[in-house]
Amino acid sequence: MKKNLKRGFTLIELLIVITVISILGAVAFVAIDPATRINQAQDSERWSAANALMDAFLNSTVDNDGTYPAGVSANGTVHMIATTSGACTVSGCTDTVTTCTDFDDSVSDTDFDDLVNDGYIADLPVDPDGNTSYGSAQGGTGYTLSVNTTGIVTVTACGAETDTIEVAR
């Protein structure tokens with residue numbers, strides 16, 4: 001007597017398993033959301049850079065007996081932190097970065113590269129997005145600095161993805 005034993009899976013069973021795995025993969029991909037994770041990683045880098053810039057600026061000010069770098073005064077003017085001597089003065093930096101594009105050499109001559117030259121920071125950070133709307137071709141970094149009339153220094157990241165990035169001391 002011959003026994004006919006069939007081993008293996010039917011085509012229907014294989015299709016059902018592949019469909020279930022595909023659905024689980026799609027759900028996992030949506031849950032992980034790589035675009036959001038990239039934005040959060042870039043914002044983390046911006047927080048770190050803003051704090052480093054703040055520390056460098058304040059250490060420079062303390063070492064120079066309370067004198068701010070050339071071109072910076074306690075009047076609320078917002079300066080784009082730049083590596084050229086023609087750092088722009090802008091009216092503000094908001095989530096829409098259109099206000100961070102004024103690179104005009106006729107405005108106040110503020111060279112934040114001195115913070116690097118004097119050893120307060122290793123290198124001026126540039127926004128991790130590499131967005132040229134901050135004037136990166138002209139030396140803009142995507143970070144602004146202002147000192148209000150009461151002496152509070154604020155460093156802001158122009159390209160924040162998930163939340164406003166602003167350090168004030």
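Predicted model: local features only at pLDDT ≥ 70, side-chain atom pairs only at ≥ 80, totals over all residues.
Residues are numbered from 1 along each chain as its sequence is written, and side-chain values use heavy atoms, with hydrogens and water left out.

**The whole chain.** Show the protein chain as a cartoon. You will find 3 helices and 5 strands, which are DSSP runs numbered from the N terminus (helices: H or I, at least four residues; strands: E, at least two). Along the sequence they follow the pattern α-α-β-β-α-β-β-β. Of the 169 residues, 33% count as buried, meaning under 20% relative accessible area with a 1.4 Å probe, protein chains only.

**Strand 3.** Now select residues 140–147. In this strand, 8 of the 8 residues are buried, so it is largely enclosed by the rest of the structure.

**Strand 4.** Two strands pair if DSSP finds at least two bridges between them. Click on Leu145, and look for Val155 opposite it in strand 4. The two strands form a hairpin with 5 residues between them. Stop at Gly151 in the turn, where phi is positive, at about 90°.

**Strand 1.** Finally, select residues 78–82. This strand runs antiparallel to strand 3, joined by 4 bridges. Pick His79 here: its bridge partner in strand 3 is Leu145.

Note on methods. Buried < 20%, exposed > 50% of the residue type's maximum accessible area, 1.4 Å probe, protein only.
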